[in-house]
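Subject: Structure handover

Hello,

Here is the structure you asked about, with my notes below it. Please look through it before reading on.

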Amino acid sequence: MSLIKVTIDNIEVEVEPGTTILQAARKIGGAVVPPTMCYYSKLKGSGGKCRSCLVKVAQGSAKDPRPMPKLVASCRTAVMDGMVVQNITSPEVMENRRAITEFLLLNHPLDCPVCDQAGECHLQDLSYEHGLAETNTIEDRRTFKPIDIGDKIKLHMNRCILCYRCVMVADQLTDQRVHGVLGRGDHSEISTYIEKAIDNDFSGNMIDVCPVGALTDRTFRFKSRVWFTKPFDAHRDCPKCSGKVVLWKKGDEILRVTGRKDKYGELEEFICNDCRFEHKDNNDWVIEGPRKIERHSVISQNHYEKK
Amino acid sequence: MAQKILLNNIDVPGLATFEVYRKLGGYSAVEKTLKSLTPDEVTAEVKKSGLRGRGGAGFPTGMKWSFIDKSTDKPRYFVCNFDESEPGTFKDRYFGTLNPHQLIEGMILGSYALGAKTSYIYIRGELFYVLQIIEKAIEEAYANGFLGKNILGTDYSLDLYCQPGGGAYICGEETALIESLEGKRGNPRIKPPFPAIVGLYDCPTVVNNVETISVLPWILNNGADAYSSIGVGNSKGTKLISACGHINKPGIYEIELGLPVEEFIYSDEYCGGILNGNKLKAVVAGGSSVPILPAELILKTAKGEPRLMSYESLAEGGFETGTMMGSGGFIVMDDTTCIVKNTLTFARFYHHESCGQCSPCREGTGWMEKILQRIEDGNGTMKDIDLLFNISKHIEGNTICPLGDAAAWPVAAAIRHFRAEFEEHVKQQKCPLSR
């Protein structure tokens, strides 16, 4: 199939037809890549909800050069030949991204000092890069009590931004989904059927796909700030999954096991709960070596390697 | 006397029964069409009539039909949107209660034109009594051979079902309606693809409003030219307007498009003037989501021409000085009305009805309600007014479906035209109109 040309922030790139604007931007890489809070390339049907990846289409295509009337979600809009997209070069996009960040933070508790996700939280990164330094709100936030969903996962609904990623993981990775979004509008919540435990070999991936600290690993909670732990690539023979993981160690102790995430924070491969929760002994793993930390994130604090 | 298409027989006792409807010439359009016209000819006739969608957006109906994907072997569906729940709009409920057979006749014609073998009327859950009336009418239509296998001996067969929703405003958005009809949570889908390509059960689907569908029998009986001779400009035919608020004669009126707004409000044939002889303050012309206009701009456009009840004339001046036809919910307010409180009521509605899928609408609608509540209670600041306007601007156009726009427009318009009243609330630290 012949490639088509698209220009994003004055940089031209050739991609296959059907590629989204976001994926085309990721092909270019660097600052022109829009942030994503709900889109996850490995989850079918994800994206379009958080609106943080909105971009301006200044020219629809070579054939029909009219601009698109509204900003579009780059994660769900396919490129056309000759399309011209503005992301960081458009003041309108940046203004609206700031506003979206404000909306996402409106009911988010900002309890980063006690949140396990701090350091690797996408919302933290988004607000660091696009948020306001001061707040416009004096309103109370909506609150929920944290609940345990099973013995391995903790749900802090207060922190949830309703990206639907964990729902899609359960839909697409596990045999049976026992949780979903209940309620409507800003009182909707992620919940299980009458506090039913989420018990499935791959349920732990919900923790990894959660962009914020709404779903956290109960075996790791409050053990350490993530930036005090050092990541190592490791693997083991696992009958259920690829067994390729990242071990997060403090000294010689393995505090946490997660999947391997790429530079956009997406898992390369989903891992099973056995690897994630049950193997925290160095003897369980073949350690490949230290894992590079993305400078992009707050987690790169306390890591001194050069880029 | 104005031409009536939908309400001409509405006062006939027993119109909801098959016998009475049939005696008045009902189902003759089905007889004529199924025997003498091809589906494409029906679509062409509707296109020619200039009929525009009556649900709010005013998209040309024939055009919408022509987008349906006929290249696949998949079944095609025709769906009636009876999820009427816009505050101020209550025309479909009235019409469907009294004349269900005209809707069913329209469903048969539309389904035939689109080649649908199964069609649905998706009705708002709260309208359970209307559902019962429609289901009874559907039964009668089956019994008389107008639905089911081989209608009137032709090789066209159609099954029609009436499905109640859970009573959510968002399910009036066509893709949310489709999700709900499939038995899922009523979240709007991300478009494209549009329902004409991927709709109900991933098959090509057309969703039309009750009023749009109910007009079809008249168009096919009397011809597209007769229909397009009514109205002005690109606003053809008649429109049901549900008038409410501070008027002497609230109710449902069928008007010929192009009627001057002033005549609609003040003539005895329609609203009959303002209640208690008060002064007109503002009008929301097309249901709660459209921009509110002050008296001087609803009666005359910014250019000083009389404003007409038509898609173009109401929209004249854009959102700066104009509004929209919307779904025909005509809300009139006299000078005792507090615009802030009215805007708060609308904002509360949209906050309650937001599906919560995308962040600007989920978070922004609640935020706007809280700020409006603060201003109405006398606890607002001047900064809040600007903040409110900015929030509405950041919701507008940034959401998956038009509910975000619908929530943002009334707030932005209220501040645009009645900023002084918002400021008065802040200055006096109370609602100046509260009794």
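Predicted model: local features only at pLDDT ≥ 70, side-chain atom pairs only at ≥ 80, totals over all residues.

Contact between the chains

Interface size is often quoted as the accessible area that is lost when the parts come together. For chain A and chain B, the two bury about 2,700 Å² between them, and 49% of that is on carbon and sulfur atoms. On the chain A side 34 residues take part in the contact, and on the chain B side 33 residues do. A:Phe103, A:Glu139 and A:Arg184 supply 26% of the area that chain A buries against chain B, more than any other three residues. Three salt bridges are found across the interface of chain A and chain B. A:Glu139 also forms a salt bridge with B:Arg374, where the closest N and O atoms are 2.3 Å apart.

Domains of chain A

Chain A is split into domain 1 (4-92), domain 2 (143-217) and domain 3 (226-300). Between domain 1 and domain 3 of chain A, the contact takes eight residues from domain 1 and seven residues from domain 3. Taken over C-alpha atoms, the centres of these domains of chain A, domain 1 and domain 3, are separated by 32 Å. Domain 1 and domain 3 of chain A bury about 660 Å² between them, with 48% of it on carbon and sulfur atoms. In domain 1 of chain A, the residues that lose the most area to domain 3 are A:Arg26, A:Tyr40 and A:Lys42, which together make up 79% of what that side buries. Three salt bridges are counted between domain 1 and domain 3 of chain A. A:Lys42 forms a salt bridge with A:Asp262, and the closest N and O atoms there are 3.9 Å apart.

Two neighbours in sequence

A:Cys121 sits in the loop between α2 (91-106) and α3 (122-130) of chain A. A:Cys121 counts as buried because its relative accessibility is 8%, and the cut-off for buried is under 20%. Apart from neighbours within four places in sequence, A:Cys121 is in contact with A:Pro211 and A:Val212. A:His122 is placed in helix α3 of chain A and is buried as well, with a relative accessible area of 17%. Not counting residues up to four places away in sequence, A:His122 touches A:Thr36, A:Met37, A:Pro211, A:Tyr264 and A:Gly265.

Backbone points to check

Most residues other than glycine have a negative phi, and most peptide bonds are trans. A:Arg51, which is not a glycine, has a positive phi of about 70°. A:Arg51 is in the loop between α1 (21-28) and β3 (54-59) of chain A and is buried at 7% relative accessibility. A:Phe222 also has a positive phi, near 65°. A:Phe222 lies in the loop between β10 (215-217) and β11 (230-235) of chain A, and at 56% relative accessibility A:Phe222 counts as exposed.

In chain B, a cis peptide bond joins B:Lys191 and B:Pro192, with omega about -5°. Another cis peptide bond joins B:Pro192 and B:Pro193, with omega about 5°. B:Pro192 lies in the loop between α8 (174-181) and β4 (205-209) of chain B.

Surface of chain B

B:Phe59, B:Met63 and B:Phe67 make a nonpolar surface patch of about 290 Å². B:Phe59 is in the loop between α3 (39-49) and α4 (61-66) of chain B and is partly exposed, with a relative accessible area of 41%.

Regards

Conventions. Residues numbered from 1 in each chain as written. Chains lettered and ligands numbered in written order. Heavy atoms only, no water. Patch = residues over 30% accessible without salt bridge, like charges linked within 9 Å, V, L, I, M, F, W, Y side chains within 5 Å. Areas by Shrake-Rupley, 256 points an atom, 1.4 Å probe, with all protein chains shown as cover. Salt bridge = Lys/Arg side-chain N within 4 Å of Asp/Glu carboxyl O. Helix = DSSP H or I, 4+ residues; strand = E, 2+ residues; numbered from the N terminus. Buried < 20%, exposed > 50% of the residue type's maximum accessible area, 1.4 Å probe, protein only. Domains from an automatic or database assignment. Contact = heavy atoms within 4.5 Å. Buried area = accessible area lost by both parts, 1.4 Å probe.
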